[in-house]
Amino acid sequence: MTLFHFVNCALLTFGPHVVYYSATPLSEYDTIGTCVKAAVVYLVTALVKLVCLATFLKVPENEGFDPYQELMKVLIGFIDVAGLYFALTQLTHRNISQNHKFQAVGLGWAFADSVLHRLAPLWIGARGLEFTWEFIFQGLEANANLVMTLSLAALGSLMWLRKNKPRTLVPTIYVCAFLLATMPSITRFP
């Protein structure tokens, strides 16, 4: 039963990434290299965020709200936006259109996030003797993170790659990008 539970949770966590890659034109244009490059940029970004979190944030002594610490968390969260900017604009993408570039970058970014944050807990915990809903919820969270990352990559593509942006939508695009960039800081509990 434990193997079945592990396989079920692993398919729920990592399956949508594979399905998205094969169901969209990304597989036809052979964008696996772009996905891997975006995953490497995500790993470097995660390392930079880890160093910044360890350097600039202190361990709270009480459970009170500290606005300085929360502001630092949000500012450190914008390192992801900088990494996505680098992945979208600076990486060389072999014969990929703008529509497929943001999809490949977002998919590689989300897959690396899922592997980094969910593979080890899934491997250790889902093989336990009893069934727990925690790993199914992690799989659902990975799916929601895939949608959020693709949305952030699409907004980044609209902001940084398109030359003919609709002028009336520019403030809306920036507000949505700001909300998506700060969303992990808002929804993540200590």
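## Gly 33

Gly 33 lies in helix α2; helices here are DSSP runs (H or I, at least four residues), numbered from the N terminus. Gly 33 is partly exposed, with a relative accessible area of 36%. Partly exposed means between buried (under 20%) and exposed (over 50%), using a 1.4 Å probe and protein chains only. Gly 33 and Gly 108 are 75 residues apart in sequence, yet 9.3 Å apart in space, C-alpha to C-alpha.

The model is predicted, and local features need pLDDT of at least 70. Residues are numbered from 1 along each chain.

## Second largest pocket

A pocket is an open set of points on a 1 Å grid where a 1.4 Å probe fits, with protein on both sides within 12 Å along at least five of seven lines; lining residues have an atom within 4 Å of a point. The volume is about 190 Å³, counted as the space filled by probe spheres set on the points.

α1 (2-23), α2 (32-56) and α4 (98-125) each supply at least two lining residues. α2 gives the most, with 4. The lining has 8 nonpolar, 2 polar and no charged residues. Gly counts as polar; Tyr and Cys count as nonpolar.

## α1 against α5

α1 and α5 (residues 134-160) pack at about 10°, with axes 8 Å apart. They are therefore roughly parallel (angles under 35 degrees). Axes are lines fitted to C-alpha atoms over the stretch in contact.

His 17 of α1 is among the residues that meet α5, where contact means heavy atoms within 4.5 Å.

Key:
This is a predicted model: local features need pLDDT of at least 70, side-chain atom pairs count only at pLDDT 80 or more; totals for chains, interfaces and linings use all residues. Side-chain values use heavy atoms; hydrogens and water are left out. Axes are lines fitted to C-alpha atoms, for helices over the stretch in contact, and angles run from 0 to 180 degrees between N-to-C directions. Angles under 35 degrees count as roughly parallel, over 145 as roughly antiparallel, 65 to 115 as roughly perpendicular and the rest as oblique.
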